[in-house]
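Subject: Structure handover

Hello,

Here is the structure I promised to pass on. Please have a look at it first, then read the notes below.

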Amino acid sequence: EYVVEHIKVTGCKVYLLDLSPDLLEMAKTRVEKLDIAEHCVLVEADITTAYGANGKPAAGLDLPALGSIDIVTCSYCLTMIPPWKEALEQMVRVLKVGGTLALI
């Protein structure tokens, strides 16, 4: 509840990235139900290839610039990503200086 209210009050942008279109569809339904869909960008992509060597988002992906994110969360999924070290490195790369990486 706190997070949803925070999103509504601050108007922040939330990026939801997943490889699974089915899980993104579930996320879409949930953010619509919570009335925060206008703040959410759902991206179907592999975190390990979401950004090119030049630091830009891969073609066609609506992602923020590297080093611009306040917080990255990863809940119960890092162990399901075979190249987990590369995924973790990308999560750190998108964080701004002093940003937070929250892993569960």
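The largest pocket holds about 2,000 Å³ of space. This is a predicted model, where local features need pLDDT of at least 70, side-chain atom pairs count only at pLDDT 80 or more, and totals for chains, interfaces and linings use all residues. Residues are numbered from 1 along each chain as its sequence is written, and side-chain values use heavy atoms, with hydrogens and water left out.

**The pocket**

First, the terms. The search runs on a 1 Å grid over the protein atoms alone. A pocket is an open set of points where a 1.4 Å probe fits, with protein on both sides within 12 Å along at least five of seven lines. Lining residues have an atom within 4 Å of a point. Points are joined across faces, edges and corners, and the volume is the space filled by probe spheres set on them.

The lining of the largest pocket counts 45 residues. Nearest its centre lie Val 14, Tyr 15, Leu 16, Leu 17 and Thr 73. Two or more lining residues come from each of helix H1 (2-10), strand E1 (14-18), helix H2 (21-33), E3 and helix H3 (84-94). Helices (H or I, at least four residues) and strands (E, at least two) are DSSP runs, numbered from the N terminus.

By residue type, the lining has 35 nonpolar, 4 polar and 6 charged residues. Here Ala, Val, Leu, Ile, Met, Phe, Trp, Tyr, Cys and Pro count as nonpolar; Asp, Glu, Lys and Arg as charged; the others, Gly among them, as polar.

**Helix H3**

Which residues of H3 are buried? They are Ala 87, Gln 90, Met 91 and Val 94. Buried means under 20% relative accessible area, exposed over 50%, and partly exposed in between (1.4 Å probe, protein chains only). Seen down the axis of H3, the buried residues fall within an arc of 100 degrees, so they line one face of the helix. The arc is taken from the directions from the helix axis to the C-beta atoms. These buried residues pack against E3 and E4, with contact meaning heavy atoms within 4.5 Å. On the face turned away from the buried side, H3 carries the exposed residues Lys 85 and Glu 89.

**The salt bridge**

How many salt bridges does the structure hold? It holds 1. The side chains of Asp 70 and Lys 96 form it, at 2.9 Å, N to O. The pair links distant parts of the chain: Asp 70 sits in strand E3 (residues 69-74) and Lys 96 in strand E4 (residues 95-103), 26 residues apart. The term asks for a side-chain nitrogen of Lys or Arg within 4 Å of a carboxyl oxygen of Asp or Glu. Lys 96 is partly exposed, at 35% relative accessibility.

**Loops**

Two residues other than glycine have a positive phi. For Asp 35, phi is near 65 degrees. Asp 35 lies in the loop between H2 and strand E2 (40-44) and is exposed, at 53%. For Tyr 76, phi is near 55 degrees. Tyr 76 lies in the loop between E3 and H3 and is exposed, at 64%.

His 39 is also in the loop between H2 and E2. Is His 39 buried or exposed? His 39 is buried, with a relative accessible area of 13%. Leaving out residues up to four places away in sequence, His 39 touches Ile 7, Lys 8, Gly 11, Cys 12, Lys 13 and Val 14.

Best wishes
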